[in-house]
Amino acid sequence: MEELLRLVHVLGAAVLFGTGAGIAFFMVMAHRTRDAATIAHVAGIVVIADTVFTATAVVLQPITGALLAYEAGWSLSESWIVLSLALYVLTGLFWLPVVIIQIELRNLARSSATTGGALPARYLRLYRVWFACGFPAFFSVIAIFWLMLTRPAIEFF
């Protein structure tokens, strides 16, 4: 059972990281075109991908992680697990606004594409916030991977 849980947990982590990186790449590339119709289309797909893949993995990761810890005999109070969970929450604090911003970016781009107008200043401001939120989330996930792979003994106090 432990091997199966480990596999599911690793696959979930890969989905989170891969979907996040893919979404970021496609959103940046669409934004660079400055074409409202392209951005609207890509952002629409991104919102679906975040809903189907990222949200599912976000829910399953803590469940598979807790079950895996139990099966492996690890305490959830081990420092590397506590730090991983803290980074997971930090990632979520950046991811949730990003999801809301992606929906708004999609809507603004759709409106511009429909009217034939330029992307509004609000779009550009939100895009910068969306872009900035990606960095702490991305590096937190990398740190979580490191913690899960190395399971270091960390002294908090």
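Is H31 buried or exposed? In this predicted model, in which local features require pLDDT of at least 70 and side-chain atom pairs count only at pLDDT 80 or more, totals for chains, interfaces and linings use all residues. Residues are numbered from 1 along each chain as its sequence is written, and side-chain values use heavy atoms, with hydrogens and water left out.

H31, found in helix α1, has a relative accessible area of 7% and is therefore buried, where buried denotes under 20% relative accessible area, exposed over 50%, and partly exposed the range in between (1.4 Å probe, protein chains only). Not counting residues up to four places away in sequence, H31 touches I39, Y123, L124 and Y127, a contact being heavy atoms within 4.5 Å.

The largest nonpolar core comprises 21 residues, and M27, I39, L105, L119, Y123 and W130 have the most contacts inside it; such a core is a set of buried Ala, Val, Leu, Ile, Met, Phe, Trp, Tyr and Cys residues joined through side-chain atoms within 4.5 Å. At least two residues of this core come from each of α1 (2-33), α2 (36-72), α3 (79-115) and α4 (121-150), helices being DSSP runs (H or I, at least four residues) numbered from the N terminus. The greatest contribution, seven residues, is that of α2. M27 touches V42, A43, V46, Q102, L105, Y127 and W130, again without counting residues up to four places away in sequence. Another core, of six residues, lies apart from it and includes A69, W80, I81 and I144.

By contrast, M1, in the segment before α1, is exposed, with a relative accessible area of 62%.
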